[in-house]
Amino acid sequence: MIYAANFKTNHTRHSTREYLTKLQLQLFKKNPTDKVYIFPPLTALDDYETNELTIGTQNAYPVKNGAFTGEIGLEQLAEFKINTILIGHSERRDILGESQENVAKKFAFFKEQGFEIIYCIGESLEVREQGIDAVMEHLISQFEGIDTNYDNFVVAYEPIWAIGTGRTASVEEITETHNALKKVVNKPLLYGGSVKGANIAEISAIENVDGVLVGGASLKTDTFLELVLH
Ligand code: PGA
């Protein structure tokens with residue numbers, strides 16, 4: 001299983017360091033084949049001792065360096081040996097206005113650099129209510145311009161209506177969607193959307209769920225450890 005923590009716009013450099021110190025003291029208890037990723041905010045990227053986990057970036061601009069006010073590029077990631085990136089999160093698509101074309105450009109750039117890419121897709125409630133065919137059509141459209149055969153590629157299915165809402169997709173919905181997605185892209189497939197201690201057992205038991213991408217329940221070491229060590 002993969003356990004990925006997406007801090008979003010939470011935590012500081014100081015609190016991220018404390019979090020990682022506390023987390024790493026417990027990670028020897030995890031299943032040795034499990035992988036843990038932490039995506040702190042950009043200002044909290046740093047030189048951390050990370051034997052048991054991987055630090056990734058929530059975002060970056062597809063450039064080495066240059067005139068892109070407010071963005072960071074490869075040079076800033078290389079300082080901390082970051083080579084894992086989240087691309088296509090629904091908050092970046094819907095709130096920050098990243099088009100599929102921009103997402104695909106970002107993907108192509110970081111693929112060229114050999115980054116491990118955790119690529120997020122997900123449908124709105126409106127699409128979900130139209131049924132699985134509409135959901136799959138939407139999800140497949142989010143692979144437009146993306147090389148789904150890329151080796152270092154993990155997909156995260158995150159229904160937008162389940163993100164940060166406390167409303168998780170049902171086991172049936174996750175099963176049906178992950179089974180259909182695996183036929184399209186045969187890569188590790190994470191589920192994300194209100195994953196927490198109370199539902200990790202049933203979600204991780206689903207056959208085509210290879211891990212989870214977690215926002216809210218990842219913000220405290222205790223609640224994240226509840227998932228990793230369940
Ligand atoms: P959530 O966020 O766990 O708070 O629903 C998941 C995500 O956006 O990755």
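Visitor: What does buried mean?

Guide: Buried is under 20% relative accessible area, exposed is over 50%, and partly exposed is in between (1.4 Å probe, protein chains only). Please keep in mind that this is a predicted model, where local features need pLDDT of at least 70, side-chain atom pairs need 80 or more, and totals for chains, interfaces and linings use all residues. Residues are numbered from 1 along each chain as its sequence is written, and side-chain values use heavy atoms, without hydrogens and water.

Visitor: How many aromatic pairs are there?

Guide: Rings of Phe, Tyr and Trp (its six-membered ring) pair if their centres lie within 6.5 Å; planes under 30 degrees apart are stacked, over 60 edge-to-face, the rest tilted. On that rule, the model has eleven aromatic pairs. One of them joins Phe 107 and Tyr 150 in an edge-to-face arrangement, with 6.1 Å from centre to centre and 80° between the planes.

Visitor: Which parts does the pair of Phe 107 and Tyr 150 tie together?

Guide: Phe 107 sits in helix 4 (residues 100-112), while Tyr 150 is in the loop between helix 6 (132-141) and strand 6 (153-157), so this pair links parts that are 43 residues apart in sequence. Helices (H or I, at least four residues) and strands (E, at least two) are DSSP runs, numbered from the N terminus. Now look at the rings around this pair: Phe 107, Tyr 119, Phe 143, Tyr 150 and Phe 153 are linked by ring pairs into a cluster.

Visitor: In what order do the strands stand in the sheet?

Guide: Two strands pair if DSSP finds at least two bridges between them. Here eight strands make an open sheet with the order 3-2-1-8-7-6-5-4, and their pairing is parallel. Strand 3 (54-55) and strand 4 are at the edges with a single partner strand each, so one side of each has no neighbour in the sheet.

Visitor: Which strands does strand 5 pair with?

Guide: Four bridges connect strand 4 (residues 84-87) to strand 5 in the parallel sense, and Ile 85 has Ile 117 of strand 5 as its bridge partner. Strand 5 also runs parallel to strand 6, with five bridges joining them.

Visitor: Is strand 5 (residues 116-121) mostly covered or mostly uncovered?

Guide: Mostly covered, since six of the six residues in strand 5 are buried. Glu 116, Ile 118 and Cys 120 take one side, and Ile 117, Tyr 119 and Ile 121 take the other; both faces are covered.

Visitor: How many bridges join strand 6 to strand 7?

Guide: Three bridges join these parallel strands, and Val 155 stands opposite Leu 189 of strand 7. Strand 7 (residues 189-192) is also parallel to strand 8 (residues 211-214), again over three bridges; there Leu 190 is partnered with Gly 211. From strand 7, Leu 189 and Tyr 191 point one way, Leu 190 and Gly 192 the other, and all are buried.

Visitor: How many residues surround the ligand?

Guide: A residue is near a molecule or strand if one of its heavy atoms lies within 4 Å of it. The ligand has 13 residues around it, with Lys 8, His 89, Glu 158, Gly 164 and Ser 194 as the closest.

Visitor: Which side chain has an N or O atom 2.6 Å from an oxygen atom of the ligand?

Guide: That is Glu 158. The side chain of Lys 8 also has an N or O atom 2.7 Å from a ligand oxygen. For Gly 164 it is a backbone N or O atom that lies 2.7 Å from an oxygen of the ligand.

Visitor: What can phi tell me about Lys 8?

Guide: Most residues other than glycine have a negative phi. For Lys 8, though, phi is near 55°, a positive value; this residue lies in the loop between strand 1 (2-6) and helix 1 (13-26). Ser 194 also has a positive phi, near 55°. Ser 194 belongs to the loop between strand 7 and helix 8 (200-204), and counts as buried at 15% relative accessibility.

Visitor: Where does Asn 179 lie?

Guide: Asn 179 is in helix 7 (residues 171-184), and is partly exposed, with a relative accessible area of 29%. Asn 208 is 29 residues away from Asn 179 in sequence, yet their C-alpha atoms are 6.3 Å apart in space.

Technical notes
A polar contact is a pair of N or O atoms within 3.5 Å; within protein, one must be able to donate a hydrogen and the other to accept it, and residues adjacent in sequence count only if both atoms are side-chain atoms.
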